[in-house]
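Please find below a colleague's note on the structure under review.

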Amino acid sequence: MTLDAPQARERPYVWVTWLPRLLSGNNRCEWASWFKTQHEGSSWTHAPSTFDHTRWALDHTALLRAEQKRLEADGATVKTERQNQFRLRGWYATLSGMPDLVSLEDGQVVIHDVKSGEPHAYHAIQVMLYMWAFPLARREYAGMPVAGRVVYEDHAIDVPSSAINTTFIDNVADLIKRLADIEQPPPRTPSASECAFCEITTADCPDRIEEDVEEGETELF
């Protein structure tokens with residue numbers, strides 16, 4: 001089915017998971033996130049994905065339940081996924097997210113994000129975004145100390161509250177402002193590695209790269 005022209009959102013809307021790769025430098029094309037920020041997701045054609053969502057869902061759910069069980073066995077109060085969904089309305093856009101687990105441990109809020117794949121630096125940045133935005137959006141947690149944890153199958157990485165400093169907040173705010181700017185979108189910066197995983201088709205992004213990276217030869221190595 002061919003959709004009509006993408007429908008503009010009434011207000012710029014940013015999902016937390018669109019930001020970590022840009023903040024870490026793993027992704028460079030801000031335009032892709034700008035497009036999703038500005039347009040209703042149901043109004044544009046999404047590229048087919050080769051990602052195995054069924055396997056991911058099974059692995060993610062199993063790891064999440066194991067972590068929840070461990071926390072509750074230690075006496076923590078735990079809320080999961082949809083219980084933690086939030087929307088934070090800012091001057092320029094609405095930021096939305098859904099931490100996997102939020103626990104109350106000894107008077108401290110701990111935000112857990114479980115990852116069933118390989119570790120990446122941007123996983124901790126996603127947790128940091130939750131640590132910053134979640135207590136601002138959910139008044140019942142306002143003023144409470146907040147820490148974070150990235151949980152993998154065989155280890156976990158703790159993210160201290162000190163990670164949420166002025167530099168981090170300013171970087172997040174600047175990125176959201178750029179994504180929310182309807183008058184001056186960022187330039188498209190297509191690359192084979194990013195386009196291969198991008199949801200936006202050539203119908204909306206004529207610069208999308210469909211081909212694999214070309215291989216060359218050399219005698220230097």
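1. The coordinates discussed here belong to a predicted model. Every value in this note is computed and should be read with that origin in mind.

2. Secondary structure. The chain contains 6 helices and 8 strands. Read from the N terminus, the order of elements is β-α-α-α-β-β-β-β-β-α-β-β-α-α.

3. Overall dimensions. For 221 residues the globule rule gives 17 Å, and the radius of gyration of the chain, 19 Å, is close to that figure, so the chain is as compact as a globular protein of that length. The C-alpha trace spans about 55 × 50 × 40 Å along its principal axes.

4. Of the 221 residues, 41% count as buried. Among contacts with a separation of 6 or more, 69% are made by residues 24 or more positions apart.

5. Surface. The accessible surface of the chain amounts to about 13,500 Å². Carbon and sulfur atoms contribute 49% of that surface.

6. Charges. The chain carries 21 positive and 34 negative charges. The mean position of the positive charges and that of the negative charges lie 9 Å apart.

7. Aromatic pairs. How many aromatic pairs does the structure hold? There are 6 of them. One is formed by Phe-35 and Trp-44, whose rings are 5.3 Å apart centre to centre, with 75° between the planes; the pair is edge-to-face. Both partners are buried: Phe-35 has a relative accessibility of 4%, and Trp-44 has a relative accessible area of 3%.

8. A tilted pair. In the pair of Phe-134 and Tyr-141, the ring centres are 5.0 Å apart and the planes meet at 35°, so this pair is classed as tilted. Why does Phe-134 count as buried? Its relative accessibility is 0%, and the cut-off for burial is under 20%. Tyr-141, with a relative accessible area of 5%, is likewise buried.

9. An aromatic cluster. Which residues do ring pairs link into a cluster? They are Trp-31, Trp-34, Phe-35 and Trp-44. The edge-to-face pair described in point 7, Phe-35 with Trp-44, therefore belongs to a cluster that also includes Trp-31 and Trp-34, and its two members are buried at 4% for Phe-35 and 3% for Trp-44.

Methods. Residues are numbered from 1 along each chain as its sequence is written. This is a predicted model: local features need pLDDT of at least 70, side-chain atom pairs count only at pLDDT 80 or more; totals for chains, interfaces and linings use all residues. Side-chain values use heavy atoms; hydrogens and water are left out. Helices (H or I, at least four residues) and strands (E, at least two) are DSSP runs, numbered from the N terminus. The radius of gyration is taken over C-alpha atoms; the globule rule is 2.2 Å times the number of residues to the power 0.38. Buried means under 20% relative accessible area, exposed over 50%, partly exposed in between (1.4 Å probe, protein chains only). Contact means heavy atoms within 4.5 Å. Accessible areas come from the Shrake-Rupley method with a 1.4 Å probe; for residues, only the protein chains shown count as cover. Lys and Arg count as positive and Asp and Glu as negative; His and the chain ends are not counted. The place of a charge is taken as NZ of Lys, CZ of Arg, CG of Asp or CD of Glu. Rings of Phe, Tyr and Trp (its six-membered ring) pair if their centres lie within 6.5 Å; planes under 30 degrees apart count as stacked, over 60 as edge-to-face and the rest as tilted.
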